[in-house]
Amino acid sequence: VLMEKGNYRHFMEKEIHDQPEGCQRTIAAYVDTLTDQTTVQGVDFNAIDRIQIVACGTSWIAGMIGRYLIEQLADLPVDVEIASEFRYRSPALRPNALAIAMSQSGETADTLAAFRHCIEAGMKSAAIVNATESTIAREADVVWPIHCGPEIGVASTKAFTAQVSVMIALAIAAAKARGRIDEAEEKRLVHVLLEAPRLIAEAIGLEDALKEIAAEIAKAKDVLYLGRGPMSALALEGALKLKEISYIHAEGYAAGELKHGPIALVDEATPVIILAPYDSWFEKSASNMSEVMARGGQVVFITDPEGAKHAPAGAKVVVTAPASDPLISALVMSAPIQLLAYHVAVVKGADVDQPRNLAKSVTVE
Ligand code: G6P
């Protein structure tokens, strides 16, 4: 397939902008808009007692976001582990778990090996992949494609939001199957999920503001990303994107860990990006923001309209993403962190689509 960048400078930029449409396709595969019910097929969520997700890189982070949602909605324990760790330790495997391999390419060597361990232990297996003809897909009992179309940029963007979309549909489906939510609540949640593409598009509309912030961030040597709940996982993704393509050292942390280490790094030269929609974690994240500012840290506060209203004064910049239900806030907040990393890399003149030392698909150890 000949892939075209169209009017975009880089595939990554195009793929960021493709997300509303990509996400719409993903959601369409897992919900029925006539009945407002989820249509996740192939697994009996009452026959399993936990979920084991194995993955690498950005796919691992998508799994981490899934863990928050699945445990909260479906009351089903979820373990998410980096595949290269999982495959070389002796995890206490139980056959009653559902193993999920999360992999855009479906060919990542470590993910495949970890997945095979699970399958050999007798677990039911599901592959959440973009490449449905891949090795991981072939070895799974069930394949849940992410349907986002080919991803060319080495730094994953649209595959990530598609993976998270599948996680959300899965969380709703498991919750319904396990009797944790009723039909009315399922409908409500499906409606929330259906709103995601439009809200992602709105968040992409913040691009000009993010470009300005990127010009400042490009001067930094170190950047910290903080968040709580699903935003703690997205903080890891923000830091990963920035380091992958702009080569600026960045760390993502659960904001509650600030005082256990990263706060020692905070000074006037360290931008601290705090991801804090107005959810049940907001007050805690806002107080972390105050702690950072009290030490001279330059806060970029990425929030929503209510959060902007309630944020402590003194942030260097406040980025106001659209309001969303916590179910989909990781989807909506993804675009700002991707665009920020992208524009920092552009300012620095980096080779965005082919970052040094990285590969799109890691089929060897
Ligand atoms: C590589 C890519 C990342 C990706 C990771 C896992 O490191 O550069 O973007 O997240 O592999 O790849 P997978 O295909 O298994 O999702």
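Predicted model: local features only at pLDDT ≥ 70, side-chain atom pairs only at ≥ 80, totals over all residues.

Helix 7 itself covers residues 158-177. At 1.5 Å a residue, its 20 residues should span 28 Å, and this agrees with the 28 Å that separates its end C-alpha atoms. Of these 20 residues, 19 are buried, so helix 7 is largely enclosed by the rest of the structure.

The protein chain contains 13 helices and 12 strands. Its radius of gyration is 20 Å, close to the 21 Å given by the globule rule for 365 residues, so the chain is as compact as a globular protein of that length. The C-alpha trace spans about 55 × 45 × 45 Å along its principal axes. Of the 365 residues, 55% are buried. Among contacts between residues at least 6 apart in sequence, 74% join residues at least 24 apart.

Attention now turns to the ligand. Which residues come nearest to the ligand? Of the 16 residues around it, these are Gly57, Thr58, Ser103, Ser105 and Thr108. Helix 3 (residues 57-74) supplies the largest share of the shell, namely three residues. The table divides the residues of this shell by class.

| Class of residue | Number in the shell around the ligand |
|---|---|
| Nonpolar | five residues |
| Polar | 10 residues |

Notes. Residues numbered from 1 in each chain as written. Helix = DSSP H or I, 4+ residues; strand = E, 2+ residues; numbered from the N terminus. Rg over C-alpha atoms; globule rule 2.2 N^0.38 Å. Buried ≥ 20, exposed ≤ 12 C-beta atoms within 10 Å, placed from the backbone. Contact = placed C-beta atoms within 7 Å. Near = placed C-beta within 6 Å. Nonpolar A, V, L, I, M, F, W, Y, C, P; charged D, E, K, R; others polar. Expected span 1.5 Å × (residues − 1).
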